[in-house]
Amino acid sequence: MTPQPSMPSDPLANGPGEVTQGDCDSASCCESALKKPDRPEAKETFVTSPAIPQDEQKIDVCEFAELAPSDLVRWEQIRAMRKDFEPPFFAARFAAAVNSVRGDVLTAVFRSSNNEPLGYLPFHRVGGVGVPAGRFLNDAQNVIAIPGLQVDWAELARAAKVRAFNLHAIVGSEADWIERYQLKSVNAFRADLGDDSGDYLKRLEKEHRTIGKQGQKTRKLGREIGPVRLELDCRCPEILKQTIAWKRAQYQRTHILDLFLPDWTRDLITLLHENSLGQPGLQPDSTVAGDNFSNDSLRGICSVLWAGDTPVATHIGMIEHGRLHYWFPTYDPAFARYSPGTALFTEILRAATPHGIHCVDMGYGEQPYKKKQTGTTTQVVHGTITHSRWHRMAFAAEATLVQALRRVPMKETVKRAIRTINPSAGIKKLK
């Protein structure tokens, strides 16, 4: 038995969270495709590639900072071979950013017999267990490998000096992993906008009442507060700080673990937004606000919905090659009656195609609002990959406890009490 993914990058978006007059926040990352969305929604399945024999490969583990510039280039070359690896969490720049603020990213490098890199896996070693680089801010994990590379997880664990890999969002899993390691699956959703995001939005408005009525609320916001406009790529540090402050207050109101409690999570958001990694071998960084994102290397983005001179809703995300990862949306509760979170989302869709955005990730988690905003369904799997019977038993016991707590009567009252007594409960998931 394995637990449900317990903390997507934004638990308010991938859990019950706050719901105010049809307003919803949505976040996190999922698998990708660039084709135009089909309706009814398309379902993707796991695939198995012809295997490259294990006796033709070896595994080296080093600190991320020890990778050569040629390794970073090769990383991106391999990543480009599979659509599964399009989420920004697979980017070398994401691992570099995490390592810049934490300093503890390790990388397993799969090499051929002639020393050619075949795959990469960035990870942290925490308490003898391998966990994703970026911890629970990372919403897409797997070995970034050439097609057909056979991954021996037992050998990988030995090389990494861990007893298990605890992964909560495996994208592009091989089919046999699910049965062998008793992994569980959960749906993930995305909006594939095609070449006309305005047309995509019109379809949503016709199919879903919440989206269809948002235009009335947005116009009312404009009349009562001030002219509504979207700043898609705001580079103001103060707006970024305000967004984080709103999000932290939202976590507190809803009695959810504050993901920005550890310094490194705030530093990561800031570093991505500043776009100042200076990573060799990849596209140069730029601190200038963007107008077209179709060719951008991975960087942070902060979008703002203004009513007059007042910011009413904001979103911190990542953008790469026209793919927007919808990560941390939030809003000012004073304007909740206008559903500013939904207003922000619809305005981003309206502006997407003119700015080179072809896809918006909504992430894993089967909340109803995601089906209202997306047209493509995929899957991620989660659990512990280990050959240690004791670790599997401990992992299953923890999963059983978590699921039991979810069934407790008056669970919101219990959650509130736990968070009041111990505001940092669950913080180990971010260490």
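Q: What pLDDT does the protein average?

A: This is a predicted model, and the protein averages a pLDDT of 83, with 77% of the residues scoring at least 70. Over residues 13-49, however, the pLDDT is below 50, although this stretch has 156 contacts in the model beyond near neighbours in sequence. Where pLDDT is low, the predicted coordinates should not be read in detail.

Q: At what angle do helix H5 and helix H6 pack?

A: Angles of 65 to 115 degrees count as roughly perpendicular. Helix H5, residues 197-207, and helix H6, residues 209-224, pack at about 110°, with their axes 5 Å apart, and H5 and H6 are therefore roughly perpendicular to each other. On the H5 side the contact is made by Leu 201, Leu 204, Glu 205 and Glu 207, and on the H6 side by Arg 209, Ile 211 and Gly 212. Sorted by class, this contact has three nonpolar, one polar and three charged residues.

Q: Where is Lys 161 found, and why does Lys 161 count as exposed?

A: A residue is exposed when its relative accessible area is over 50%. Lys 161 is found in the loop between helix H3 (153-160) and strand E7 (164-170), and Lys 161 counts as exposed because its relative accessibility is 65%. Although Lys 161 is not a glycine, it has a positive phi of about 60°.

Q: What phi does His 321 have?

A: His 321, which is not a glycine either, has a positive phi of about 50°. His 321 lies in the loop between strand E11 (310-320) and strand E12 (323-331), and at 40% relative accessibility it counts as partly exposed.

Notes
Residues are numbered from 1 along each chain as its sequence is written. This is a predicted model: local features need pLDDT of at least 70, side-chain atom pairs count only at pLDDT 80 or more; totals for chains, interfaces and linings use all residues. Side-chain values use heavy atoms; hydrogens and water are left out. Axes are lines fitted to C-alpha atoms, for helices over the stretch in contact, and angles run from 0 to 180 degrees between N-to-C directions. Helices (H or I, at least four residues) and strands (E, at least two) are DSSP runs, numbered from the N terminus. Angles under 35 degrees count as roughly parallel, over 145 as roughly antiparallel, 65 to 115 as roughly perpendicular and the rest as oblique. Contact means heavy atoms within 4.5 Å. Ala, Val, Leu, Ile, Met, Phe, Trp, Tyr, Cys and Pro count as nonpolar, Asp, Glu, Lys and Arg as charged, and the others, Gly among them, as polar. pLDDT is the predictor's confidence in each residue, from 0 to 100. Buried means under 20% relative accessible area, exposed over 50%, partly exposed in between (1.4 Å probe, protein chains only).
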